[in-house]
Each structure stands twice: as C-alpha cells, then as structure tokens.
Amino acid sequence: MARIGIDARLTYYRRGGIAEYIEALIRELPALDQANEYVVLHSRKDSRDLAVGPRQRRAICWTPAHHRFERLTLAIEIWPLRLDLLHSPDFIPPLGGWYRSVVTIHDLTFLHYPDFLTPDSRRYYNGQIRAAVARADHILTDSEATRQDVIGLLHAPPEKVTTVLLAVSQHFRPAPKEAVDQLIARYKLPRGYILFVGTFEPRKNLPGLLKAFSLLRSHLPDAPPLVLAGRRGWLYEEVYAQINALGLSEHVTWLEDVPYNDLPALYSAAGALCLPSFYEGFGLTPLEAMACGTPVVVSDRASLPEVVGDAGLLIDPDDPHCIADALQRVIVDTALAADLRQRGLVRAAIFNWCETARRTLAVYQTVLGG
C-alpha cells in the first residue's frame, strides 16, 4: 500500500475550476483505488473534512496556499506524513526528494500574457515554474494545448507530460422551468440574455466583449441584455468604466458571487454563453453551459476549441466585429441555436470526473512503479 497525498489547501482560499478539480479527485478516487491510502492536505483554517472516503484521512497544514515560502514550510510540515507520492494540483510542489511528485499545470497564462497577472502573481509563478517542472516526476495538463505549451515553453520531456481532461459535474444539466422562472424573477432578468461567467480580469477579455455587445446593439437595437456573472479580479474597475463610456449601463447586469445552486438555471435561461478569453487552460464554464443546453460562443485560442469541438461557434478574441457577428447569429437564427444546444449536450456528456480520476490514478501507478 502506498501513501498518496493530495494538496487541497487551495480549496479553502479560492473557489473555481481548480478547487472543483481537486474536490472531484478526492471524491472519485476511493471507488477506483482500493489498494492505496490517501492523505488530504487541508488548510488549518478549513473546518470542512474533504477526506470522507474509505482509506482517506485529513492532515492539517499551517502553510497558506501561494505563500512565498511555501515550498520550504510545506516540506517541513509533510515530512512526518511519510508520503510515497504527493499530487500538487496547483502545480507548486514542496522541496524535498523523499517522495514522488505529480503536479498539474492548468495553464501558462503568466508566460503567454504576463501583463494579465498582478505583479505578485507573476513573481510567484515565474519564480517557481521551472523548479516545479524539474522536480516533478510527472506533469498533468488539462488539455493538449497546455501540454504542448509545457513541452514547448518549459522544455519538459514529452513522455513526462500527460493530458488528463477535466469534466463537468452532474449538477449542471438543463434546469426545470420552475427553477428558471424563479431565477429570472429573483434577479429581474429576461429570458435569452447573453451570459458571461468567470472572474472579471484582463485574461477574460471583457473589454472585447463589451465592444462587441455595443456593435451588436447598433445592428440589433432590441438585442437581449448582457449579464456578467462572477467575481471581481484584478483591474475589474476598467470594465466598469468601459460600460459607462459605451453607454451600456442600462443594458449590462452585474451578478457577483452567484450561488453555486443558481448556476444551472442561470445557464439554462441564457440565449448564449460568450467566453472571448485570450487564453484558457481548459475552460469549465463553456462545458457547464453546454451541459445545461446553452449555445456557446468562445475564442479560437488555446484549449477552447478542444473543449467545445463542433458544438460551439469560435471567434477571434481580438476582433469585436467577429464576436458581435457570432452572437447575432445565435440570437437571430433559431435553427442554429437549437442545433448548438443539442450538440452541446452531446459534447458535454463526454466529460466526466470518474474518467478524469481514472486517468489520474493510472499516472500515480506509473510514477509509483506499479
């Protein structure tokens, strides 16, 4: 029996795709692996116990996620655990050579677009990525696009890098009419709005979406409103300023920190989801939208074409006219929208967390020599 650690500290500090990925692995692995023991590293501030499966136990860590000295201090903390393998799902492993290391690199935004990160984030990632890649016995990536980035930009040996696609929770499915009616009444929204879901930060290209929405309204004055749902990130103030500058205040609705249980109905009530990001390591929100039967319009960059396949419309994120045209097609062409809904449901069904965990376990076994 091997003792495998999974670093889940980030789930306390930040919600979103990486946290969902970590929790899904912890949830799915016990059913697939009756041979090994799992130690789940929790933040000392986290009162939850994620290690509820058989052969799982909780370990408390004082080292915060993304702390400048975490490679050293976390190494000291996990030494008594005597781990055979540690999976670092946020890719920065602690120091030390006594354990096998698997890391997940979700994206390399900080190398492609350094200006999209805060100075602190740039220092954190740029200062440690090469050491993390060198230390890891194996690297997981969320998409083939990110895998090629890791090989090309960080010169990792191809045989050391494996693509393991993420998935979508069964929580995301077409919401019943009653749930949709309650949501649009509570948030005072019409059906068929254009939806963005994600962090309000430069990488997501909200200025480009706003320019496209302004162009769309110039051609289609009765276009549905734009709903921006998510949480504030770095430089979000510029997005507020642009809404006012474009005269869109009455046509854009902000929904911050939407409860998780509201998301299926929020997707289901939308006429289209638009994610015009400059870069995504995977892109969970289009997958969630497709699982809810919502047409998607996404960038033709990085992993997004890989995720949506032929189930969505691809746009050039640098071209607001291209984004506006795609949105107009979905809004006006009801046959196209219906086709995209059906394609999206079929496409989303391919991605499931059990398969993600199965492929991850296969990497663990290879690294452990089993």
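Reader: Is Leu72 buried, partly exposed or exposed?

Author: Leu72 is partly exposed, because its relative accessible area is 47%. Buried means under 20% relative accessible area, exposed means over 50%, and partly exposed is in between (1.4 Å probe, protein chains only). Before we go on, this is a predicted model, where local features need pLDDT of at least 70, side-chain atom pairs count only at pLDDT 80 or more, and totals for chains, interfaces and linings use all residues. Residues are numbered from 1 along each chain as its sequence is written, and side-chain values use heavy atoms, with hydrogens and water left out.

Reader: Ok, and which helix does Leu72 lie in?

Author: Helix 3, residues 70-78. Helices (H or I, at least four residues) and strands (E, at least two) are DSSP runs, numbered from the N terminus.

Reader: Which residues make a nonpolar surface patch with Leu72?

Author: Ile76 and Leu95, and the patch comes to about 280 Å². Patch residues have over 30% relative accessible area and no salt bridge; like charges are joined within 9 Å, and nonpolar side chains (Val, Leu, Ile, Met, Phe, Trp, Tyr) within 5 Å. A salt bridge here is a side-chain nitrogen of Lys or Arg within 4 Å of a carboxyl oxygen of Asp or Glu. Areas come from the Shrake-Rupley method with a 1.4 Å probe, and for residues, only the protein chains shown count as cover.

Reader: Switching to helix 10. Which of its residues are buried?

Author: Val239, Gln242 and Ile243, in a helix that covers residues 237-245.

Reader: Why do they line one face?

Author: Looking down the axis of helix 10, the buried residues fall within an arc of 105°, so they line one face of the helix. That arc is taken from the directions from the helix axis to the C-beta atoms.

Reader: What do those buried residues pack against?

Author: Helix 9 (206-219), strand 9 (226-232) and strand 10 (252-256). On the other side of helix 10, Glu238, Asn244 and Ala245 are exposed. Gly247, just after the helix, takes a positive phi of about 70°.

Reader: Which residue other than glycine has a positive phi near 65°?

Author: Asn205. Its place is in the loop between strand 8 (194-200) and helix 9, and Asn205 is buried at 5% relative accessible area. Asp257 also has a positive phi, near 55°, but Asp257 counts as exposed, at 56% relative accessibility. You'll find Asp257 in the loop between strand 10 and helix 11 (263-268).

Reader: Now Thr294. Buried or exposed?

Author: Thr294 is buried, with a relative accessible area of 1%. Thr294 sits in the loop between helix 12 (284-291) and strand 12 (296-299).

Reader: What does the side chain of Thr294 reach at 2.5 Å?

Author: The backbone oxygen of Tyr267. Leaving aside neighbours within four places in sequence, the contacts of Thr294 (heavy atoms within 4.5 Å) include Ser268, Leu273 and Ala289.

Reader: Last one: which side chain does Arg147 make a polar contact with?

Author: The side chain of Glu144, at 3.2 Å. A polar contact is a pair of N or O atoms within 3.5 Å; within protein, one must be able to donate a hydrogen and the other to accept it, and residues adjacent in sequence count only if both atoms are side-chain atoms. Arg147 is in helix 7 (residues 144-154) and is buried, at 17% relative accessible area.
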